[in-house]
Amino acid sequence: MEDIEQVDDDIELGGIAQYLSELSQDGTLPQDIDQRRPVPFLADAVSFDDNDWLARVAAVQGWLCLDRPIGSDLPPADAAAELLGQISPDPVSSCIRVDGDNVSLSELGAQHLDTWLSRAAAHREAFNEALDDGRGIREATEEWRQLWEESSSLARQPAAIKAEVKTLTIRNFADYAKDEDLELNPSYQRDSVWSISDSQLLIDSILRGIPIPSIILTQLEGDDKLQIVDGKQRLTAILRFIGQHPTARQYVRSLDAETEFDRDNKKFLRKRHFKSRDIAEHYLPFRLMRYSANDPLHAISGKYYSEIKDVEIPVGQGKAKVREIFEKAHSRYLIPVIVYENTRLQDIHHVFSIYNKQGKKLNAEELRNATFHHLGLTKLLLVLSGDRPFSDELAAYLPADLRANIREVGETLKDRGFGTMRFKRTKVLSWVCAMMLHSPNSRDGNYATPSTATQIDALLQAISDKQGAHPLFQNNVLVSLARDIEVAVQIHAEAEDAWSPRFRSKKGHASGWEELPLVASLLATLILAAIGETQRLMDAIPSIRRFTEANPGPAKTQNKTQWEYIATIAMGTLMALGIDEVSASALLTKRYGYSCLPVLKTLMAAAEA
């Protein structure tokens with residue numbers, strides 16, 4: 001047993017005891033939890049001098065969203081190993097210490113348990129709030145599981161970085177944008193998703209002198225330009241309103257109409273009969289919201305910026321022209337700004353992830369895309385999915401033939417009902433790749449079944465940790481993967497009749513695809529593409545249709561159930577096509593340094609047991 005530090009901080013252990021007590025209190029458990037309600041206990045009753053703490057954890061495990069329950073018949077050492085193996089990214093041996101029959105936590109183990117229990121307590125509170133708001137238990141349970149899905153990524157802290165806190169005027173931002181010194185649309189950011197109403201509310205706040213949240217910028221290592229990390233939607237709204245968004249300026253310039261545009265935004269738009277979609281596409285100005293007659297801003301109600309520049313409005317204890325707020329270099333309206341200076345792109349993306357995670361603004365895919373945007377695989381999947389257009393920044397190494405066909409992958413996923421909002425298509429491809437290219441943890445021949453987010457993050461973290469030693473860090477391997485994904489998605493579409501409507505969706509519509517069966521069947525076609533056996537699928541469509549007809553999606557959606565279902569579909573398809581497992585594993589290992597088939601075979605056997 002390696003030497004590990006014992007916990008000597010009563011504050012930390014007291015926090016664990018408090019969380020355990022909170023989770024033990026009376027209340028409704030989420031749906032499909034195979035666990036009896038715990039008997040409530042107080043924090044003072046939890047002992048860490050013996051195995052009592054472990055028994056308390058087992059009593060509230062229904063709230064912990066574990067992949068595998070901690071059995072009551074397990075010896076304490078095995079039970080503790082089962083627990084820490086699921087909640088810790090570090091080796092179990094560094095998290096617990098076994099002394100005879102007693103199991104105690106190391107400082108590292110206590111930290112991981114404290115983190116997991118704090119999430120469980122927060123998610124329990126959100127679950128109860130959903131019930132209090134009148135939502136049914138099924139809907140509340142789905143939201144609870146989604147919270148676990150989005151918070152289960154165990155990210156590492158970034159390196160130390162230098163940041164400056166200051167304030168800028170709106171004129172400062174407009175000047176940066178005009179001089180092309182401000183990157184408003186880095187590829188790791190989501191598209192502009194604010195509605196006109198959202199944007200109008202922000203401008204309303206500015207006009208009334210209400211402070212807005214900080215804009216976070218970064219000055220990349222070796223580059224003087226500023227890149228937006230957080231606040232893109234706010235800054236986009238401001239620059240659009242005053243007609244200074246770079247995309248709008250470029251478009252107006254192409255029409256040779258800058259003077260007309262600046263003189264009268266309203267006339268410019270009406271003359272060209274622009275619709276809402278055209279205005280949004282080119283980031284053109286929008287009008288203010290309409291105000292009632294007794295509102296201090298009634299004089300500028302429903303107006304465009306060019307119409308109200310010289311209108312005086314109440315500001316603080318006096319009055320000021322609107323242009324003084326938006327155009328004056330020394331405006332009294334200041335926006336708080338945090339600038340990370342001369343910082344590595346990888347660390348900035350990680351900061352972006354942490355900042356937004358604390359605010360719960362982004363979903364798991366958006367956080368992942370930010371945190372691991374420095375990896376070639378992340379950028380490749382963004383391009384292949386169609387969630388981001390091809391650029392040399394994202395995948396300069398791709399050969400010409402792949403670049404020409406990239407759009408087909410995204411369009412095919414779009415045809416299956418997966419749009420570009422919030423990186424849904426990237427998630428599908430990431431999930432498939434994580435299943436095929438990275439092994440989950442195992443113990444005594446049994447594989448863990450982590451959440452989708454955790455498994456994808458584990459693959460990306462492994463690449464990030466190993467760098468050049470990992471096959472998927474190499475451009476030539478990424479080219480092979482891009483070709484395999486392209487072929488897999490194409491064959492999946494051409495073999496449309498192989499996928500029974502009953503398999504695709506619980507509703508049984510041929511045109512509908514749910515995420516789980518799509519991932520399962522895409523994994524099968526990706527394996528076939530990697531081993532050069534796609535023709536077998538095309539030659540056996542009737543038999544695969546019978547197989548998928550007999551295997552609709554599971555009623556429950558726990559992690560273990562999802563893994564076993566995907567394994568059953570992928571391995572069942574390969575077996576139905578007569579694929580030799582040994583030969584296929586050898587080909588996968590040669591191509592990617594790893595074969596997923598042993599994992600899938602074990603999980604399929606578990607599903608059948």
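**Stop one: an open pocket**

Select helix H6 (170–178), strand E4 (182–183), helix H8 (232–241), helix H9 (246–254), helix H10 (258–263) and helix H13 (305–308): each of them supplies at least two residues to the lining of the second largest pocket. Helices (H or I, at least four residues) and strands (E, at least two) are DSSP runs, numbered from the N terminus. Before going on, note that this is a predicted model, where local features need pLDDT of at least 70 and side-chain atom pairs count only at pLDDT 80 or more, while totals for chains, interfaces and linings use all residues. Residues are numbered from 1 along each chain as its sequence is written, and side-chain values use heavy atoms, with hydrogens and water left out.

The volume of this pocket is about 810 Å³. To find its centre, pick Ala 177, Gln 244, His 245, Pro 246 and Arg 249, the closest to it of the 33 lining residues. Colour the lining by type and you get 10 nonpolar, 10 polar and 13 charged residues. Here Ala, Val, Leu, Ile, Met, Phe, Trp, Tyr, Cys and Pro count as nonpolar, Asp, Glu, Lys and Arg as charged, and the others, Gly among them, as polar.

On a 1 Å grid over the protein atoms alone, a pocket is an open set of points with protein on both sides within 12 Å along at least five of seven lines; a cavity is a set where a 1.4 Å probe fits but cannot get out; lining residues have an atom within 4 Å of a point. Points are joined across faces, edges and corners, and a volume is the space filled by probe spheres set on them.

**Stop two: helix H8**

Buried means under 20% relative accessible area, exposed over 50% and partly exposed in between (1.4 Å probe, protein chains only). The buried set includes Lys 232, Arg 234 and Arg 240. After H8 comes Gly 243, with a positive phi near 75 degrees.

**Stop three: a hairpin**

Move to strand E7 (residues 312–315) and strand E8 (residues 318–321), which pair in the antiparallel sense over four bridges; pairing takes at least two bridges found by DSSP. Val 315 faces Gly 318 in E8. Two residues sit between the strands, and Gly 316 has a positive phi near 60 degrees.

Select Arg 368, Thr 378, Thr 426, Ser 430 and Leu 460, which lie nearest its centre among 15 lining residues. That lining divides into eight nonpolar, four polar and three charged.

**Stop five: the cores**

Which residues have the most contacts inside the largest nonpolar core? They are Leu 472, Ile 485 and Leu 600, in a core of 82 residues. A nonpolar core is a set of buried Ala, Val, Leu, Ile, Met, Phe, Trp, Tyr and Cys residues joined through side-chain atoms within 4.5 Å. Helix H24 (residues 515–530) gives the largest share, 12 residues.

Zoom in on Leu 600: beyond neighbours within four places in sequence, it is in contact (heavy atoms within 4.5 Å) with Met 435, Leu 523, Ile 527, Ala 567, Ala 570 and Met 571.
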